[in-house]
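Hi,

Here is the structure I promised to pass on.

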Amino acid sequence: MKLIKQVSVIIFLISSFLQVEAQQSNEKPNILFIIADDLGWKDTSFNGSQFFETPNLDKLAGQGMFFTNAYANAPNCAPSRAAIMSGQYAPRTGVYTVGSSERGELEWRALIPTPNQHRLDADKITIAESLKPAGYTTGFVGKWHLGATRDQNGPAEQGFDVNVAGCYNGKPASYFSPYRHEILKDGPEGEYLTDRLTDEALTFIENNKKGPFFLTMAYHSPHTPIQAKDSIMQKYIPKPPSNGQFDPVYAAMIESLDSNIGRLLATLETLKIAENTVVILFSDNGGLHAVTSMKPLKGYKGTLSEGGIRVPMIIRWPGKIGAGTVCHEPVIGTDFYPTFLELAGANKPKNYPLDGESLVPLFKQHGKLKRDAIFWHYPVYLQAGYGLNVLWRTTPSGVVRQGDYKLMEFFEDDHLELYNLRDDIGETSNLVYSQPEKAKEMQQLLSEWRKSIGAPFPLERNPAFDPKLRPQNRKKGDRRRIYRGSH
């Protein structure tokens, strides 16, 4: 009788254990999606910077998967964010740039650019709207930049249960309180915005620790104005420049960003939910040339060269993604939507095309993506600024990356540039003339993609264009101020 009882107890314990295991395996993971603003590919020490210090991000990269070929969907803020939230390429959203597509003087523009959509339309189904039916509580903290008017409460109108600071504006008036922010209340005088937004995010996580939750933590940093705490900035003043990186204020902004991400990660551990929380780090575009350098990459924010669109990216999911793993597969911002749907067990919205592909097959390092290429369509002008000695950062153009190759097509004069990024990450050697068949093949691929997605193509010449009035270089001293002091 005693033996039977013991066997019964053992069977009960095994059964209970298996039930718990089954429940845990079916438990939906929390998703913490961290988007930095203008954090360049070379702005982190885990990616090789010798000037900037990011110990918390270095640790995160060591705990998860680091993506070496991660791309933003655009070289500046709004179109990149529209693609992430909608899961669609720019020709579907109409959000191509920030502000007007008619940048620079009228007489300088050879083409009439495609008009720009200034907001993410309400009929676009955001990631948050798709995750809510799967049982997720959704929160947004920080920079939205996808609405056109002051009275729009974008995140709350498009699927987010909680919205803190998300509005139409693309950058803060100040990183120090009083912020003069449209919807974020001022904190104590001198409070730092990156700290404040983290406090708000921590409140959301604490309130929803039982999960599942989806939190987009969209920091403004290190976007302009370039402002940082004196206490951090002082350590970088004596530090020697390295590979074009030199700015102590910008370095202090990045350190504040890093330490606040560390606070988020520590809280997940304290609440004992780190094991069931997928953490993603991403940036909306490359770094600003005036305060950093993307070397060995060519270009910077506002260009479709690698320095403008290749960005840092990490995904950590304990037990599901190997610690310290590296993925070289080209991935892009539109991939997050289908990835999050798969993680959450959520349904794809009906009659709503998604242009990305789930990254889940890459997590075990033996799966591959089905697509052949990724694309960019940027039929607008983006003038130079902040002291750049060039006329444009970008003119109307398109880009395709297929495997190791990248083709850039410039619509004004049909100029082509072809690079093998495996051999030439700095885009120094144009292969159009040495590999004309490859260039032709990729141009055809880009053209067919534009037709398939209905991308508007700016073919109409600008009658006011006068090449004689188009300066080759910007005037000396044409430099807008980006520093607003520091505290």
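**What I found**

Let's start with a strand pair: β7 (residues 277–283) and β8 (residues 314–316) run antiparallel to each other, joined by three bridges. Strands here are DSSP runs of E with at least two residues, helices are runs of H or I with at least four, and both are numbered from the N terminus. Two strands count as paired if DSSP finds at least two bridges between them. Within this pair, Val 279 has Arg 316 of β8 as its bridge partner.

Before you go further, some ground rules: this is a predicted model, in which local features need pLDDT of at least 70 and side-chain atom pairs count only at pLDDT 80 or more, while totals for chains, interfaces and linings use all residues. Residues are numbered from 1 along each chain as its sequence is written, and side-chain values use heavy atoms, with hydrogens and water left out.

**The two sheets**

β7 and β8 belong to an open sheet of eight strands with mixed pairing, in the order β5-β4-β6-β1-β7-β8-β2-β9. At the edges you'll find β5 (162–164) and β9 (325–327); each has a single partner strand, so one side of each has no neighbour in the sheet. On average, neighbouring strands of this sheet are turned by 15° against each other, direction ignored. (Axes are lines fitted to C-alpha atoms, for helices over the stretch in contact, and angles run from 0 to 180 degrees between N-to-C directions.) Helix α2 (residues 55–63) lies across β7 and β8, at about 60° to β8.

There is also an open sheet of four strands, antiparallel, in the order β11-β14-β15-β16. Its edge strands are β11 (374–378) and β16 (415–420), each pairing on one side only. Here the twist averages 10° from one strand to the next. β11 and β14 (residues 397–402) run antiparallel and are joined by five bridges, with Ile 374 opposite Arg 401 in β14.

Is Ser 283 buried or exposed? Ser 283 counts as buried because its relative accessibility is 0%. (Buried means under 20% relative accessible area, exposed over 50%, and partly exposed in between, using a 1.4 Å probe and protein chains only.) The side chain of Ser 283 reaches the backbone oxygen of Leu 39 at 2.9 Å, and one of its polar atoms lies 3.1 Å from the backbone oxygen of Asn 285. For such polar contacts, a pair of N or O atoms must be within 3.5 Å; within protein, one must be able to donate a hydrogen and the other to accept it, and residues adjacent in sequence count only if both atoms are side-chain atoms.

Next, Ser 101 sits in the loop between α4 (90–93) and α5 (127–131). Ser 101 is buried too, at 5% relative accessibility. Its side chain reaches the backbone oxygen of Thr 114 at 2.9 Å. Beyond neighbours within four places in sequence, Ser 101 is in contact (heavy atoms within 4.5 Å) with residues including Pro 113, Val 380 and Tyr 381.

Then try Leu 264, in helix α9 (residues 248–270). Leu 264 is buried, with a relative accessible area of 0%. Among the residues it contacts, leaving aside neighbours within four places in sequence, are Leu 32, Ile 34 and Tyr 219.

**Aromatic rings**

How many aromatic pairs does a search of the whole structure find? It finds 24. Rings of Phe, Tyr and Trp (its six-membered ring) pair if their centres lie within 6.5 Å; planes under 30 degrees apart count as stacked, over 60 as edge-to-face, and the rest as tilted. Take Phe 282 and Phe 336: their ring centres are 4.8 Å apart and their planes at 80°, so this pair is edge-to-face. Phe 282 lies in β7 and Phe 336 in helix α11 (residues 336–344), so the pair ties together parts that are 54 residues apart in sequence. Both Phe 282 and Phe 336 are buried.

By contrast, Phe 375 and Trp 449 are stacked, with 4.7 Å from centre to centre and 0° between the planes.

Cheers
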